[in-house]
Amino acid sequence: MTPQEIHKSLLKEFGEDVVTGANFEAKDAWIEIAPASIATVAEFLKADPQLRFDSLNDLSGVDYLEPDEKLAKKFPYEPHVAVVYHLYSFINRHRITIKVKLPRWKDDVEGRLPEVPTVSHVWAIADWHEREAYDLVGIYFVGHPNLVRILCVEDWEGHPLRKDYQLPLEYHGVRGK
Amino acid sequence: MGLKNRGSNVSCLVKNLSHIEFESASEVSRNMATQLEDQRIIEFDVRTDEMLVNMGPQHPSTHGVLRLLLKTDGEIVHEVTPHIGYLHRCAEKIGENLTGPQWIPYTDRMDYLAAMNMNLGQALAFEKLLGIEVCEKAMNVRLIIAELGRIASHLVGMGAYGLDLGSFTPFLYAFREREVILDLFEEVCGARLTYSYVTIGGVTHDLPKQIQMPDGLAALTGKPQGMVMTWSDAVLLFLEWLEKRIKEYHTLLTRNSIFIKRTAALGVLPAEMAIDYGCTGPVLRGSGVDFDLRRDGESIYTRMYEGYKFDVPVAPFSNRKDIPKEVILGDNWCRFFVRMLEVVESIGLVRQGLAKYPTAEGTHREPFKMSTKLPVDEAYLETECPRGQMGFYIVGDGQAEPMRARAKSSCFCNLSVTGPLCEGILLADIPAIVGSLDIVMGEIDR
């Protein structure tokens with residue numbers, strides 16, 4: 001199926017409140033889904049006989065922000081955090097990219113992580129990928145069975161792939177800068 | 001094993017003995033005999049405590065700094081929790097602060113056993129984002145290099161797996177062969193492990209014309225040292241020699257009955273589970289899923305392999321008659337055997353590539369400026385690396401440095417299946433299963 005057909009099929013099932021946008025001109029066509037519905041959409045994407053997206057190739061978080069004030073004027077995106085799901089179907093041999101846009105901080109309070117429902121019950125590999133996105137990008141996956149840091153140590157502070165992340169000055173007696 | 005439990009066992013035996021005292025001598029001997037014969041009675045009585053065992057991060061058979069936390073009950077492992085991150089070097093954060101060509105040396109250090117394939121994946125992802133198409137010659141050189149890299153990587157995978165299972169010889173043979181490939185790579189780009197050879201727009205240098213035959217190759221083939229020959233002749237000489245050695249590996253490992261006992265019907269990974277856990281590469285094909293990105297991938301990658309003949313080995317290897325009968329689809333042995341067959345396919349691919357090299361048109365490298373601005377767009381591309389599908393996800397924001405440079409690791413996904421795969425197996429089988437996944441920690445932790 002082409003990205004347009006996948007988009008149509010999602011629109012038919014969920015409507016415009018859930019399928020909030022799409023971009024077919026991008027190198028990898030993507031469809032945007034409302035954060036609250038991502039788990040149900042994921043279940044549909046995997047189960048629907050026309051779609052059958054049985055493989056989650058990649059799940060990653062992206063922090064859209066330009067911390068440099070001079071460059072920020074030219075920055076082409078609105079500041080936000082996105083969770084990107086790269087899906088592939090071994091059965092139907094097609095691929096699609098699903099995106100979820102979140103605020104950078106929940107309720108705009110710095111330090112409160114944005115929340116999105118987990119998809120680890122749909123694709124088992126999402127368990128680890130979500131742990132990594134939580135660890136590095138700082139996205140809270142609601143309903144995840146074991147959302148702990150995976151690459152950084154447990155007591156690490158902050159989320160290093162955030163654009164405004166500051167390297168800690170000191171960690172257990174080791175100087176950072 | 002707690003002392004208390006042992007005590008209860010002994011008291012149980014004592015009780016039995018005191019009971020026996022009142023019986024006649026013949027009966028006693030008969031009772032003793034039955035007690036000794038039927039081992040199960042004793043085994044059922046041995047109660048053990050659950051014990052937490054740390055395997056790694058320095059254990060030699062964990063392929064780097066992997067820590068497995070095992071919950072064991074005697075010899076049985078109930079739960080395996082992998083702990084990773086000991087080799088985390090912030091490769092993605094570094095990538096966000098460097099331009100594409102500057103980031104390539106960092107991809108070398110991801111899967112350091114197949115650095116050429118990592119370079120290729122990264123370069124192709126940037127080319128996809130920028131809409132660059134490299135010319136025929138660059139593709140040809142890339143294919144030769146990538147497939148040689150695959151052979152070198154699978155040789156280590158095979159040797160290290162033998163080492164995991166306690167056989168030292170194949171490891172030494174594998175390293176002897178790999179050494180020659182490294183020598184040949186050194187002639188191409190000057191580096192032996194971290195090449196940074198494949199770059200955006202092509203490869204950094206053309207293949208060398210005349211070289212002195214590497215000493216290692218001369219010693220192996222019995223040719224005089226210091227012979228001057230073309231690089232492709234040296235590769236062909238090596239491949240011819242390597243092809244004959246593969247039979248030896250099969251004798252040493254594949255059809256070795258101890259090896260079969262330790263790998264066949266163990267760590268069985270069904271196809272659905274493999275897909276669910278995002279397993280790719282030989283792990284996925286070992287479970288019977290016929291999928292290889294060199295054939296089924298995106299056109300920017302498969303273009304390289306157009307006009308080349310190669311098979312994709314997939315378990316249960318229905319066209320082969322020499323599969324041991326103990327083997328089950330998706331077990332350790334299948335994963336291992338897929339790699340062995342891939343080496344043969346790669347040898348064929350390198351030969352075809354070298355045959356096409358003299359007539360390949362174009363230049364080996366299109367000029368690419370370091371300061372080229374990336375478009376406001378994003379591209380995700382997976383390539384078939386020796387260990388699975390390595391993906392690069394690049395988001396551009398109009399500057400030369402990508403806004404997000406993500407490296408999706410194939411070993412990361414392959415390792416995530418260890419937990420469910422190792423439930424309820426014997427402790428000694430853990431290295432056999434983890435080794436069959438052929439992981440490299442540099443790629444998992446990035």
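1. In this predicted model, 41 residues of chain B are in contact (heavy atoms within 4.5 Å) with 44 residues of chain A. Putting the two chains together buries about 3600 Å², with 56% given by carbon and sulfur atoms; buried area is the accessible area (1.4 Å probe) that two parts lose on being put together, summed over both. Glu378(B), Met403(B) and Phe412(B) supply 16% of the area that chain B buries against chain A, more than any other three residues.

2. Now for the charges: there are 10 salt bridges between chain B and chain A, each a side-chain nitrogen of Lys or Arg within 4 Å of a carboxyl oxygen of Asp or Glu. One of interest joins the side chains of Arg446(B) and Glu132(A), at 3.1 Å from N to O.

3. By class, the side of chain B that touches chain A has 18 nonpolar, 6 polar and 17 charged residues. Here Ala, Val, Leu, Ile, Met, Phe, Trp, Tyr, Cys and Pro count as nonpolar, Asp, Glu, Lys and Arg as charged, and the others, Gly among them, as polar.

4. A few words on numbering and limits. Residues are numbered from 1 along each chain as its sequence is written, and chains are lettered from A and ligands numbered from 1 in the order in which they are written. Local features need pLDDT of at least 70, side-chain atom pairs count only at pLDDT 80 or more, totals for chains, interfaces and linings use all residues, and side-chain values use heavy atoms, with hydrogens and water left out.
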